[in-house]
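Please work through the following exercises with the sequence and the model at hand. Each task is followed by a solution in steps.

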Protein chains: 2
Amino acid sequence: MPVAQVRDVAARAGVSPATVSNALNHPTKVSPATLARIQAAIDELGYIRNDAARQLRAGTNRAIGMIVLDIANPFFTDVARGVEDVLLGQQRPLIMGNSSQEEHREANYLDLFEQQRMDGVLITPTGDVLDRLRRLRDRGTSVVLVDRMTRATEFSSVSIDDATGGRIATEHLLETGRRRIAFIGGPAGLAQVANRLSAARAAAEAHGSGEIIYTETDAMNAEAGRTGVDRLLDLPPSQRPDAVFAANDLVALGVLQALTLRGVRVPDDIAIVGYDDIDFASSAAIPLTSVRQPAHQMGSTAATMLVDVIADPAASTVRHITLMPELVVRRSSQSS
Amino acid sequence: MPVAQVRDVAARAGVSPATVSNALNHPTKVSPATLARIQAAIDELGYIRNDAARQLRAGTNRAIGMIVLDIANPFFTDVARGVEDVLLGQQRPLIMGNSSQEEHREANYLDLFEQQRMDGVLITPTGDVLDRLRRLRDRGTSVVLVDRMTRATEFSSVSIDDATGGRIATEHLLETGRRRIAFIGGPAGLAQVANRLSAARAAAEAHGSGEIIYTETDAMNAEAGRTGVDRLLDLPPSQRPDAVFAANDLVALGVLQALTLRGVRVPDDIAIVGYDDIDFASSAAIPLTSVRQPAHQMGSTAATMLVDVIADPAASTVRHITLMPELVVRRSSQSS
DNA sequence: GGGTCGTATTAAAACGATTCAAATCGAGAC
DNA sequence: GTCTCGATTTGAATCGTTTTAATACGACCC
């Protein structure tokens with residue numbers, strides 16, 4: 001007897017396998033006395049339920065799959081923590097995959113989730129996966145989109161309002177006396193970048209005397225921030241910006257570094273505002289002002305929506321929740 | 001017919017279910033012609049194999065489970081990437097759990113892995129899990145420890161030599177003229193901290209005129225670095241250090257920030273060396289000198305060992321691999 | 001004492017794939 | 001034309017659990 005099974009437990013407790021199963025899954029149907037006897041048998045034999053068999057018969061896998069865009073970005077690990085916190089309370093395992101923005105990795109995880117017949121999937125899509133998601137849904141797996149609304153709004157989603165973020169960051173810079181604001185980030189095609197940028201432009205226009213200079217980058221990391229700064233400092237002095245609005249904190253950290261190394265004083269000469277408010281923003285040499293995204297809350301909200309839909313798919317209405325960012329002011333944008 | 005099954009595929013291709021199974025799992029046993037016919041049927045029907053059933057009958061789950069200590073620490077996400085890269089090539093799904101150094105989370109994931117009858121588990125243990133791991137092993141799940149050797153050396157492991165790391169960092173500081181070196185990190189009970197610290201002391205002793213001042217912290221984050229600095233700067237000027245060796249980069253970033261805000265010049269007044277060489281180290285306002293740990297390599301090595309053991313458990317000898325760190329010199333420790 | 005009803009228990013079927021031993025097929029040898 | 005052998009294919013059993021419908025058991029009432 002290498003590994004104890006239900007029938008072994010049943011034999012030991014002097015009951016039938018069906019009763020053991022009931023004890024495990026519907027304890028109220030079993031009398032307290034037998035329940036205790038079964039529990040004792042389980043402990044003595046060290047019985048661990050075979051989940052594959054359970055899943056096959058029950059037709060449902062309690063696990064939730066999640067595909068994150070970039071596990072190296074603290075923003076997404078925050079989101080994941082929010083999801084984890086909700087699911088742990090629900091006794092549902094979370095299976096996390098990292099797409100690294102690569103379509104084949106994303107497809108790999110979708111295959112896995114499909115084969116495992118997951119109850120639900122949370123995804124920040126990177127490739128064109130609408131068809132895959134529809135297939136999942138048709139197979140009975142609920143889907144909630146995180147931080148990305150698709151044009152087709154057929155799936156519920158939770159996202160954070162980028163326009164508001166772009167606006168409050170810009171207004172803050174304008175109110176503290178800055179006028180020429182460089183927006184660094186890209187590629188311009190990314191929805192997040194486009195939304196933040198156009199909101200920044202609108203805010204500058206509304207203000208009257210503000211101006212946005214867009215410096216496009218091909219990625220959103222520290223390196224992009226550094227090259228962005230190089231390009232800005234090549235401008236004739238009269239055209240140099242007095243503030244930088246970085247599309248995320250990684251870029252902002254790169255900007256801060258490049259400016260520091262070149263002897264430009266932050267915030268005296270140039271102010272910086274980042275985006276995401278990752279932990280490293282407040283720990284930078286000059287603590288960064290940043291647009292805080294409620295990442296953890298986005299994760300927990302998405303997980304809650306998903307669990308609700310699974311619990312009662314019939315009552316499921318597609319919902320789109322948009323959370324609001326807020327500005328956290330720190331040293332890097334203090335008025336000079 | 002809600003979802004296609006093997007028998008549907010078989011019917012469509014005009015073969016028996018057994019042949020379909022063979023086509024999927026032992027393609028060499030099936031003639032090319034039928035193989036093509038079956039593949040066509042699969043595509044037409046959109047068949048996706050039910051993994052629960054497969055696993056139940058085959059008695060094995062191809063997936064590998066991994067429990068990381070702290071997903072918010074870039075060091076561990078690097079390790080995870082190394083693991084992922086190997087497993088993806090092996091067509092094995094990776095199921096990642098984050099213990100956040102909390103025993104109950106760790107236990108939760110171990111439960112999951114045990115119920116799922118995983119082929120293998122990679123773990124950086126936080127609690128006292130030896131018994132659990134033994135049980136897993138007895139149930140047929142192979143185990144490899146990552147970055148933590150237990151006293152009981154019964155499980156294979158991959159780790160990185162902390163003594164070497166502590167030594168090379170200290171020697172570098174001494175060689176560039178520093179004499180009073182503050183070591184910041186903790187709690188002192190952590191094996192990593194203890195090993196790095198004692199190696200630093202040994203190096204100082206060997207050099208003759210060096211001195212290590214240990215400042216213990218209760219965690220390893222930026223906040224700890226800041227409070228560490230506060231304590232050091234309270235010392236009378238004659239006792240102030242001229243260098244800081246931080247137990248990891250998060251602490252080092254906190255140190256850099258606190259020094260900058262207080263007007264202490266880095267590296268002129270105080271040099272800094274960190275540990276881990278996370279991406280943020282090179283992106284700091286003053287790029288950080290750091291002890292680079294081959295995190296990615298550790299992950300890929302561990303995954304390779306695990307896959308080998310699973311492939312041939314009989315030939316499995318317990319092995320302990322120790323990788324060497326190297327020093328990456330940057331601005332923060334440039335000689336003044 | 002017979003009948004009714006609710007609770008606790010159980011026997012047997014079912015979930016959907018893989019495996020094993022046995023059957024079938026075809027080509028080449030004689 | 002028959003026989004042999006290796007390559008393909010297949011029927012039936014099986015993996016370990018949950019579920020369903022039926023049974024057993026008392027307690028309570030008349």
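The model is predicted, so local features need pLDDT of at least 70 and side-chain atom pairs count only at pLDDT 80 or more, while totals for chains, interfaces and linings use all residues. Residues are numbered from 1 along each chain as its sequence is written, chains are lettered from A and ligands numbered from 1 in the order in which they are written, and side-chain values use heavy atoms, with hydrogens and water left out.

**Exercise 1.** State how many residues of chain A and chain B are in contact, and what area the two chains bury.

*Solution.* Begin with contact, defined as heavy atoms within 4.5 Å. By this rule, 53 residues of chain A meet 53 residues of chain B. Next, take buried area, which is the accessible area (1.4 Å probe) that two parts lose on being put together, summed over both. The two chains bury about 4700 Å² between them, with 56% of it on carbon and sulfur atoms. In chain A, the residues that lose the most area to chain B are Ile48(A), Phe280(A) and Ala285(A), together 13% of what that side buries.

**Exercise 2.** Describe the salt bridges and polar contacts between chain A and chain B.

*Solution.* A salt bridge requires a side-chain nitrogen of Lys or Arg within 4 Å of a carboxyl oxygen of Asp or Glu. The rule finds 4 salt bridges across this interface. One of the salt bridges joins Glu84(A) to Arg105(B), whose closest N and O atoms are 2.9 Å apart. A polar contact is a pair of N or O atoms within 3.5 Å; within protein, one must be able to donate a hydrogen and the other to accept it, and residues adjacent in sequence count only if both atoms are side-chain atoms. Between the chains, 20 residue pairs are in polar contact, both residues being at pLDDT 80 or more.
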